[in-house]
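Please open the model in your viewer and keep the selection tool at hand. The stops below say what to select next and what is there.

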Amino acid sequence: THDVRFQFILSTQLEVSSTIKVVAPIGFTFVVPAIPSLPLSGTEVGQGVFSTALLGPTAGLDATGRPVAELEVSDTLPAEVYISFSLSVRNPAEAVPVAGDWEVYSEMDLQRQDREDALHGFGVYALITIAGIFASDVQIAARYNFIRLTFELPLDLPADGSLIVSGHRAFVLRADDFDAENLPAFSTASAGA
């Protein structure tokens with residue numbers, strides 16, 4: 001599980017017992033009860049004054065089968081108030097390189113008020129099992145050394161797929177001496193920033 005943060009400014013005032021709902025793409029699950037990792041609501045951006053005007057969340061499914069988390073408004077939230085909260089989410093069991101969009105909206109007296117339904121999702125990738133990272137025997141500062149990565153892919157990698165290897169920003173990775181020891185013949189390397 002991990003936290004997904006939501007931040008926005010209300011365009012309309014929300015009264016007590018109104019709700020703010022977050023709808024996730026199919027496959028994700030909200031973990032409740034959850035204590036958000038950020039203050040639940042606050043005044044305008046930059047003022048840093050927060051209240052506890054939201055209760056919850058509770059979780060369920062909407063009419064289309066998408067997971068929904070609901071936060072109840074326990075104090076009036078005026079228009080132009082800055083809202084910031086995080087919800088605990090469990091990723092889908094299978095890799096989803098392009099997940100669907102998220103939706104956030106408020107409801108007062110069963111009428112939708114504010115709505116944003118095109119919050120682009122994030123990809124969920126299969127976990128690569130690393131068997132080892134082996135460096136050359138001699139480690140001299142400011143010199144290039146070779147490393148060997150040994151890993152197992154959790155699924156077949158298509159010909160147009162890619163593996164991305166990144167290192168700490170203090171290191172420079174070069175593609176010049178790439179050796180595709182056990183990779184398919186079409187494998188190549190390129191260095192990026």
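A polar contact is a pair of N or O atoms within 3.5 Å; within protein, one must be able to donate a hydrogen and the other to accept it, and residues adjacent in sequence count only if both atoms are side-chain atoms. This is a predicted model, in which local features need pLDDT of at least 70 and side-chain atom pairs count only at pLDDT 80 or more, while totals for chains, interfaces and linings use all residues. Residues are numbered from 1 along each chain as its sequence is written, and side-chain values use heavy atoms, with hydrogens and water left out.

Begin by selecting Glu107, which is found in strand S9, strands being DSSP runs of E with at least two residues, numbered from the N terminus. Its side chain makes a polar contact with the side chain of Lys21, at 3.2 Å. Glu107 is buried, with a relative accessible area of 15%, where buried means under 20%, exposed over 50% and partly exposed in between, with a 1.4 Å probe and protein chains only. If residues up to four places away in sequence are not counted, Glu107 touches Ser18, Thr19, Lys21 and Arg112, contact meaning heavy atoms within 4.5 Å.

Because Lys21 lies in strand S2 and Glu107 in strand S9 (residues 102–108), the pair ties together parts that are 86 residues apart in sequence. Lys21 is buried too, with a relative accessible area of 14%.

Now select Glu70, which forms a salt bridge with Lys21, the closest N and O atoms being 3.5 Å apart. Glu70 lies in strand S7 (residues 67–73) and Lys21 in strand S2 (residues 19–23), so this pair joins parts that are 49 residues apart in sequence. Glu70 is partly exposed, with a relative accessible area of 30%. How many salt bridges does a search of the whole structure find? The search finds two, and Lys21, Glu70 and Glu107 are linked in a network of salt bridges.

For the last stop, select Ile147, which is found in strand S12 and is partly exposed, with a relative accessible area of 46%.

Technical notes:
A salt bridge is a side-chain nitrogen of Lys or Arg within 4 Å of a carboxyl oxygen of Asp or Glu. Helices (H or I, at least four residues) and strands (E, at least two) are DSSP runs, numbered from the N terminus.
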